[in-house]
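Have a look at the structure first, then read on.

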Amino acid sequence: MALYKLDEYNPNYAQEIFGGNDIKNFDVYADDEKVGSVENILVDEDDGRFRYFIIDTGFWVFGKKVLLPVGLARLNYEKQHLFVSGLTKEQVENLPEFSEGLAIDHDYEERVRGVYRPLVPLAMPGMFGMIGAPAPYNYTMEPYFYELTDPYFRTYEENMRDRKNLNGKRI
């Protein structure tokens, strides 16, 4: 499984799936405090689904870039804001830093999810420390991180996946 930046996965994404509106540069808010901006979105190569927002925290946490699972965000298109309820500065400081060229593997993603699990009352923190070999992780195991609840954002994802199918690319 590989994750690609949205503009690498589909260079024409803004025109083709967002109707000319670009989600990049949306301001990111944790409750009422601005904490950064959306730099990009990571897309799963295997199924074409949005997985993470890449967030540039700007001066809030000294320009650190981090990943935010798409299911934790609420979007306001009119104001161009992305909201993450309950996120704290301490949590962002504890997130592993995202950088260009970083190999995102299971361990890295698990460190990201581990920081966000306290935000989700349904999360099961001991789920991956069970006796014996755990089953390989898949994104459906924790739907609260990856399911798109926003109907417009879900439509954008579906449109992108449909366009890839029409172009004969595997998803």
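Helices (H or I, at least four residues) and strands (E, at least two) are DSSP runs, numbered from the N terminus. This is a predicted model, in which local features need pLDDT of at least 70 and side-chain atom pairs count only at pLDDT 80 or more, while totals for chains, interfaces and linings use all residues. Residues are numbered from 1 along each chain as its sequence is written, and side-chain values use heavy atoms, with hydrogens and water left out.

**Backbone angles**
- D31, in the loop between β2 and β3 (33–44), is not a glycine but has a positive phi of about 60 degrees.
- With a relative accessible area of 43%, D31 is partly exposed (buried means under 20%, exposed over 50%, partly exposed in between; 1.4 Å probe, protein chains only).
- N25, also not a glycine, has a positive phi of about 75 degrees and sits in the loop between α2 (13–16) and β2 (27–30).
- N25 counts as exposed, at 60% relative accessibility.
- Most residues other than glycine have a negative phi.

**Largest pocket**
- A pocket is an open set of points on a 1 Å grid over the protein atoms alone, with protein on both sides within 12 Å along at least five of seven lines; lining residues have an atom within 4 Å of a point.
- The largest pocket has a volume of about 240 Å³, the space filled by probe spheres set on the points, which are joined across faces, edges and corners.
- Of its 15 lining residues, R49, R51, T140, Y146 and E147 are the closest to the centre of the largest pocket.
- α6 gives the largest share of this lining, four residues.

Definitions and conventions
On a 1 Å grid over the protein atoms alone, a cavity is a set of points where a 1.4 Å probe fits but cannot get out, and a pocket is an open set with protein on both sides within 12 Å along at least five of seven lines; lining residues have an atom within 4 Å of a point.
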